[in-house]
Amino acid sequence: MNNDETVGSSDHIEVLDALLDNEHPTKVAVADWARTALDDPKLEQRDLECTFWVEGWQAIAERGLLASLIAEEYGGRGNSLTTTLLQLEGLGHGCRDDGLVLATTAQVLTLSLAIERFASEDQKREWLPKLARGSAIGSFAMSEATSGSDAYSLTTTATKTADGYVLNGEKAWVTLAPVADMFLIFASTNPDVGRWGISAFLVPRDTPGLIIGENRPKMGLRTTPFANITFDDCVIPDSALIGAEGSGASIFSASMEAERGFLLVGTIGALERVLDDAVTYGRERKQFDQPIGAFQGVSHPIAGIKLGHESSRLLMYKAAALQQRGTPSMMAAALSKLAGSEAALSGALTALEVHGARGYVTEYGVERDLRNLSGGVIYGGASAIQKNIIARLLGLPA
Ligand SMILES: Cc1cc2nc3c(=O)[nH]c(=O)nc-3n(C[C@H](O)[C@H](O)[C@H](O)COP(=O)(O)OP(=O)(O)OC[C@H]3O[C@@H](n4cnc5c(N)ncnc54)[C@H](O)[C@@H]3O)c2cc1C
């Protein structure tokens, strides 16, 4: 049960409803809202200039989306995972600023969830109400220039002192870092024992020795800034540590399972928008005295977008069902990430071809969708890494 919308009498019915009903009222309500409330006439310009939309973020916070999954005692809405996913899927469908949608999903499904699951009572009370209100933005910083897919080979260190720890090193590609107020940082407290020496810390932006780099322009998702963060003898107190020393790998691993399973939820919503636009264009655009959608060379690829959208949606809600039931969902999560990201990339490419020259020029937004929707095959674990997980779970030799 949840506070925003009642969608079923039990978790099972709720997730089955979500899975079967692409027009689920919870999703449609957010999509309809986002279509007008988040319709920014300056999107094309912001995309060019790589600018984050603060007013859009505040509107998303006021709609309760940042608070959706956070427990009521920490200022959240206390919604179920399924209700939260339906809302975020609706956000992706209705909002054309895919960067803003990724920022929202990363905040809700990676950062806030990790804090709620693993942080101390004091840490939760300090950060979750602000994250729920949108008055603080947080970033999740694991990757480094030399440790991407091989995340546990990180080199950032947290050296124990009498009063706390001293951080040294550099994190790369940290989503929202240029605008973030706090960071969830992974660093090694004991490099001799590899992944078992990794620990996690919550570090406020204004901590001396924490230096945020310039926003790094990228191919897509340009309205979500990202940057490197450098730690130069950055002193933090003992109270910054989340969980026990050495539990960072477990925290990261649990966070990655949530990322794999669900981070693509906004992209799945966006892919449905791409599909809607392609169908509309296929019906309206005429060549050789007929709508181009009458040519199988156009209609069959559009049917392929539908297949990719529907199958990735089903896999994502299956992963949600397993997680809500407390059943191991590593296979489902990897399949969800792989299917969602690959369907989004190929679907957006198909849509670009269907739109001809209008797909290729900037003003229609179709090429922006392709640039934005291609990122999912890299962030949250590249496609090859998902295939490695699937192969390993199938029992193939590592
Ligand atoms: C838009 C965006 C946002 C991001 N946000 C964040 C963030 O907020 N926080 C954060 O910590 N990180 C973030 N990242 C970083 C992201 O997690 C990494 O880019 C990702 O894990 C891949 O690492 P890499 O880029 O170093 O690629 P590499 O690990 O160097 O991989 C390069 C290529 O080699 C392949 N490869 C690597 N190892 C294997 C293997 N064992 N088997 C087969 N193929 C392999 C990969 O599939 C890939 O094709 C973000 C990245 C992007 C693009």
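**View 1. The largest cavity of the predicted model and its lining.** In this predicted model, the largest cavity is lined by Asp98, Val101, Leu102, Thr105, Leu221, Leu263, Gly266, Thr267, Ala270, Asn372, Leu373 and Tyr379. Helix 6, helix 9 (265-284) and helix 13 (366-373) are the elements that each give two or more residues to this lining. Helix 6 supplies the largest share, four residues. The space in the largest cavity is about 80 Å³. A search of the whole structure finds four cavities of 30 Å³ or more.

**View 2. The second largest pocket.** This pocket holds about 230 Å³ of space. Its lining is made of 15 residues, and Arg35, Asp39, Gly94, Arg96 and Arg273 are the ones that lie nearest the centre. Two or more lining residues come from each of helix 2 (25-37), helix 5 and helix 9. Helix 9 gives the largest share of the lining, three residues.

View 3. Glu89 sits in helix 5, which covers residues 81-94. Glu89 counts as buried because its relative accessibility is 0%, and the cut-off for buried is under 20%. Leaving out residues up to four places away in sequence, Glu89 touches Asn22, Lys27, Val265, Ile268, Gly269, Glu272, His309, Arg313 and Tyr317.

**View 4. Helix 7, its length and its bend.** Helix 7 runs over residues 121-133, 13 residues in total. At 1.5 Å a residue it should span 18 Å, and its end C-alpha atoms are 18 Å apart, so the two values agree. Helix 7 bends by about 30 degrees at Trp127, and a proline, Pro129, follows within four residues. Just after helix 7 comes Gly134, with a positive phi of about 85 degrees.

**View 5. The buried residues of helix 7.** Gln123, Lys124, Trp127, Leu128, Leu131 and Ala132 are the buried residues of helix 7. An α-helix has 3.6 residues a turn, so residues three or four places apart point the same way.

**View 6. Confidence along the chain.** The protein chain has an average pLDDT of 95, and 98% of the residues score at least 70. Over residues 5-9, pLDDT stays under 50. For these residues the model has twelve contacts beyond four places in sequence.

Methods: Residues numbered from 1 in each chain as written. Predicted model: local features only at pLDDT ≥ 70, side-chain atom pairs only at ≥ 80, totals over all residues. Heavy atoms only, no water. Expected span 1.5 Å × (residues − 1). Bend = angle between axes of the 7 residues up to and from the residue. Buried < 20%, exposed > 50% of the residue type's maximum accessible area, 1.4 Å probe, protein only. pLDDT = per-residue confidence, 0-100. Contact = heavy atoms within 4.5 Å. 1 Å grid on protein atoms, 1.4 Å probe; cavity = no way out; pocket = protein on both sides within 12 Å on 5 of 7 lines; lining within 4 Å. Points joined across faces, edges and corners; volume = space filled by probe spheres on them.
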